[in-house]
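Open the structure in your viewer and keep the selection tool at hand. We will take it one stop at a time.

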Amino acid sequence: MKAIIVAGGHGSRLLPMTNFTHKTLLPLCGRPIIDYAMATIRNAGINEITIIGNRFINKIREHVGGGVNYVLEEEPRGVAAALQLAREGNENCPLIIWFSDNITNIELKPEIDEFSSGALLLTREVEKPQDFGVAVFENGVIVDVVEKPNNPPSNLAVGGIYIFDDTFWTRLDEVQDLPNFSISDVTKQYIKEGIARTVSVGENTWIDCGTPESLLRAGQMVEQGIFTIKGAF
């Protein structure tokens with residue numbers, strides 16, 4: 001399995017902090033957000049990592065260092081276009097797609113070691129499901145994902161960390177030109193075929209650090225010891 005960290009875009013939700021640096025380099029108690037993602041990925045046994053970044057990609061490179069493939073997104077053209085920039089070298093293998101705003105303290109190695117096909121989606125109970133892609137369940141089985149619904153069918157948000165099998169790129173090609181494309185357009189294909197499953201990471205074990213409020217909350221959770229960096233990377 002290989003990993004792609006999607007760290008493109010303008011980081012507009014975190015302005016003005018992102019005027020001069022990348023959002024993943026913003027600190028949580030002295031350690032940048034990206035350190036938490038990298039540690040989780042590498043502790044799961046994944047060593048082939050691609051980072052897609054914006055104009056601050058060199059700052060990310062200076063911090064993270066070698067052993068990683070860096071891809072520049074010159075202009076934000078959406079998630080699908082960003083992912084396609086990382087396609088070379090990441091085909092014909094399972095992938096973990098990690099949207100860089102997210103951190104989790106779940107141990108992914110057991111899930112990755114057991115993964116063989118389909119898709120694995122991380123879910124968490126949230127207070128405002130209308131701000132997320134929300135899972136729809138029937139008899140305990142995921143049957144759909146609804147993006148930012150006005151009337152959420154559940155309070156289980158699908159996190160910005162996904163595990164896909166080696167059919168990912170073919171599926172992305174089929175839906176990338178849809179209006180208002182999101183990664184859910186890919187996950188829905190797996191769900192429709194009945195080959196997607198979810199794993200709940202718990203109420204406090206996954207957070208999107210993409211807004212000032214959630215960044216502050218993430219920092220508080222680091223102080224509480226909920227999020228830690230284990231091992232060297």
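**Stop one: helix α5.** Select residues 168-175, which form helix α5. Which residues of α5 are buried? They are F168, W169, R171, L172 and V175. Now look along the axis of the helix. An α-helix has 3.6 residues a turn, so residues three or four places apart point the same way.

What do the buried residues of α5 pack against? Two helices are on the list, α3 (79-85) and α6 (184-192). The strands are β1 (2-7), β6 (95-99) and β11 (156-164). Colour each element separately to follow the packing.

**Stop two: the whole model.** Zoom out. This is a predicted model. The protein has 7 helices and 13 strands. Its radius of gyration is 17 Å, close to the 17 Å that the globule rule gives for 233 residues, so the protein is as compact as a globular protein of that length.

Of the 233 residues, 54% count as buried. Among contacts with a separation of 6 or more, 68% join residues 24 or more positions apart.

Next, colour by charge. There are 20 positive and 30 negative charges. Their mean positions are 4 Å apart.

**Stop three: E107.** Select E107, in the loop between β7 (102-104) and α4 (109-114). E107 is partly exposed, with a relative accessible area of 43%. How far apart are E107 and T40 in sequence and in space? They are 67 residues apart in sequence and 7.3 Å apart in space, C-alpha to C-alpha.

**Stop four: two loop residues with positive phi.** Most residues other than glycine have a negative phi. Select N92, in the loop between α3 and β6. N92 is not a glycine, yet its phi is positive, about 60 degrees. Is N92 buried or exposed? N92 is exposed, at a relative accessible area of 72%.

Move on to K148, in the loop between β10 (141-147) and β11. K148 also has a positive phi, of about 45 degrees, and is not a glycine. At 55% relative accessibility, K148 counts as exposed.

Note on methods:
Residues are numbered from 1 along each chain as its sequence is written. This is a predicted model: local features need pLDDT of at least 70, side-chain atom pairs count only at pLDDT 80 or more; totals for chains, interfaces and linings use all residues. Side-chain values use heavy atoms; hydrogens and water are left out. Helices (H or I, at least four residues) and strands (E, at least two) are DSSP runs, numbered from the N terminus. The radius of gyration is taken over C-alpha atoms; the globule rule is 2.2 Å times the number of residues to the power 0.38. Buried means under 20% relative accessible area, exposed over 50%, partly exposed in between (1.4 Å probe, protein chains only). Contact means heavy atoms within 4.5 Å. Lys and Arg count as positive and Asp and Glu as negative; His and the chain ends are not counted. The place of a charge is taken as NZ of Lys, CZ of Arg, CG of Asp or CD of Glu.
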